Amino acid sequence: MERVKEQLVELGSLGRKNGSRVKSYEELSADKGLLRLEGNEFSRASKDYLVEKMKEAGLKVRFDRVGNIFGRKEGKDPGMKAVMSGSHLDSVKNGGQFDGPLGVVGALEAVRVLSEEGFEHSRPVEVAVFVGEEGSAFERGLIGSEVLTGGISYDEVLNLANSDGELLKNVLSDYRGEFLMDLGEVEYFLELHPEQGPVLDTEDIPVGIVESITGLCWLRVVIEGEENHAGTTPMKMRKDALVRAADMVTFVHGKALEMAEKTGGSFVATVGKIEVHPSATNIIPGRVELGIDIRDINSDNIDVFIAAVNEKAAWLGRAPGIKTKSELLINKPPSLCSKEVVETIERAARELGLAARKMSSGAAHDAQNLAGKVKTAMIFVPSMNGISHSPWEWTSWEAVEKGVNVLTRAIKELAR
Ligand SMILES: [Zn+2]
């Protein structure tokens, strides 16, 4: 376990202010979040560090064309399909040290433990590091796993630009190779990850077994009225876009509450973004853009909700001088995990004497892309106070150890 802790702390220093190494929750602070966006100097340093550790563990390391990294440990039977496990090393802006690295370091530790035990597994084991999971550097997330599963082409990914206008293929030129991972050669995928929500921490349960990963949909609603003088335009003659937008925000919240109540609780919707034009205190807002995030494990519920938002937008657009438009930006269906892998994880937790609960994931993960192609499930460990994507993100070392032990045992059984 010391090895896991050391690696997570070391990786956690790459991209943190002054390179400080954080070993306990008490050492966190608001200005010490991680800034390890895909492709920046710290992201590259984290890859160097991990590749060195993979080689130390005797893995054969390969880079694919877009910078996904695979470390392979052969099994006894070269004809058998692999067990793959891993996650990502990139962070959000001002993130924490467990989101991503836990799944990578955990998978590597599992392989090392199997080797040290002299355990002879039939299947090969692949430790995977997916490129650009967070979508904080390039314009979209989950790109490394998406390219593997055919949702986006290698060439498209190579030509994605980050916010400085640099192309991925250039930023990662030293971390790309010619290897092509064929998921037809992979039987199982497991990802260990912090929950990023409050359920396990609140219920004091050390292990979450993810049965489904939420579907995700983004809508952009644009409301246009008329920009005008805040002093000279009488109240009755205004075409205020923000007032209509406020109505939409309230509608989304109220309707989501109703859906969650009616459908069992996993439904959520958020207006997380409002852009007001021209955004000046003395001007009546002429144009407002809303960003709406909608998630559930049931795609019918998402469809019902989108229809309701569209209807509401159309209704708002019937007011004199107001025009509305609703646009679907992202629509990722929910992913179901493999019953076989879920049961394997359940058994592993039970044999280790750890309480576990099944749950769904409200956050997006590389595993959701893999789930469409190979038998997949995830293991969650508690996020302290349910906090994530924040400098206050933390998972206790005891929880990390339990999660890694469950992962190791599950990989052992599946690779047997
Ligand atoms: Zn993550």
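Helices (H or I, at least four residues) and strands (E, at least two) are DSSP runs, numbered from the N terminus. This is a predicted model, in which local features need pLDDT of at least 70, side-chain atom pairs count only at pLDDT 80 or more, and totals for chains, interfaces and linings use all residues. Residues are numbered from 1 along each chain as its sequence is written, and side-chain values use heavy atoms, with hydrogens and water left out.

**Exercise 1. Locate the cis peptide bond that ends at Pro-278.**

Solution. 
- Step 1: find the residue. Pro-278 sits in the loop between β11 (268-277) and β12 (283-284).
- Step 2: check omega. From His-277 to Pro-278, omega is near 0°, and the bond is cis.
- Step 3: Most peptide bonds are trans, and most residues other than glycine have a negative phi.

**Exercise 2. Which residues coordinate the zinc ion, and through which atoms?**

Solution. 
- Step 1: apply the cut-off. Donors are N, O and S atoms within 2.8 Å of the metal (3.2 Å for Na, K and Ca); water is not among the atoms, so sites may look incomplete.
- Step 2: list the donors. His-88 gives NE2, Asp-99 gives OD and His-193 gives NE2, at 2.0 to 2.2 Å.
- Step 3: read the spacing. In sequence the donor residues follow H-x10-D-x93-H.
- Step 4: check burial. Buried means under 20% relative accessible area, exposed over 50%, and partly exposed in between (1.4 Å probe, protein chains only). His-88 has 0% relative accessibility, so it counts as buried. Asp-99 is buried too, at 7%.

**Exercise 3. Describe helix α1 and what its buried residues pack against.**

Solution. 
- Step 1: check the length. The expected span of a helix is 1.5 Å times one less than its number of residues. Helix α1 (residues 2-13) has twelve residues and reaches 17 Å between its end C-alpha atoms, close to the expected 16 Å.
- Step 2: list the buried positions. They are Val-4, Gln-7, Leu-8, Val-9, Leu-11, Gly-12 and Ser-13.
- Step 3: recall the helix repeat. An α-helix has 3.6 residues a turn, so residues three or four places apart point the same way.
- Step 4: name the partners. Contact means heavy atoms within 4.5 Å. The buried residues of α1 pack against β1 (34-35), α2 (41-56), α3 and α12 (397-415).
- Step 5: look past the helix. Gly-15 follows α1, and its phi is positive, near 110°.

**Exercise 4. At what angles do α1 and α12 cross, and α2 and α3 pack?**

Solution. 
- Step 1: Axes are lines fitted to C-alpha atoms, for helices over the stretch in contact, and angles run from 0 to 180 degrees between N-to-C directions. Angles under 35 degrees count as roughly parallel, over 145 as roughly antiparallel, 65 to 115 as roughly perpendicular and the rest as oblique.
- Step 2: take the first pair. The axes of α1 and α12 come within 11 Å and cross at roughly 115°. That makes α1 roughly perpendicular to α12.
- Step 3: name the contact residues. Val-4, Lys-5, Leu-8 and Val-9 of α1 meet Trp-397, Val-400 and Val-404 of α12.
- Step 4: take the second pair. The axes of α2 and α3 are 10 Å apart, at an angle of about 10°. These two helices are therefore roughly parallel.
- Step 5: name the residues here. Leu-50, Lys-53, Met-54 and Glu-56 of α2 touch Val-104, Leu-108 and Arg-112 of α3.

**Exercise 5. Asn-18 and His-389 have a positive phi. Is Asn-18 buried or exposed?**

Solution. 
- Step 1: read phi. It is near 60° for Asn-18 and about 50° for His-389.
- Step 2: Asn-18 is in the loop between α1 and β1. His-389 is in the loop between β17 (375-381) and α12.
- Step 3: compare with the cut-offs. Asn-18 counts as exposed, at 75% relative accessibility. His-389 is partly exposed, at 42%.
- Step 4: Ser-390 is buried, at 12%. Not counting residues up to four places away in sequence, Ser-390 touches Asn-94, Gly-95 and Gly-96.
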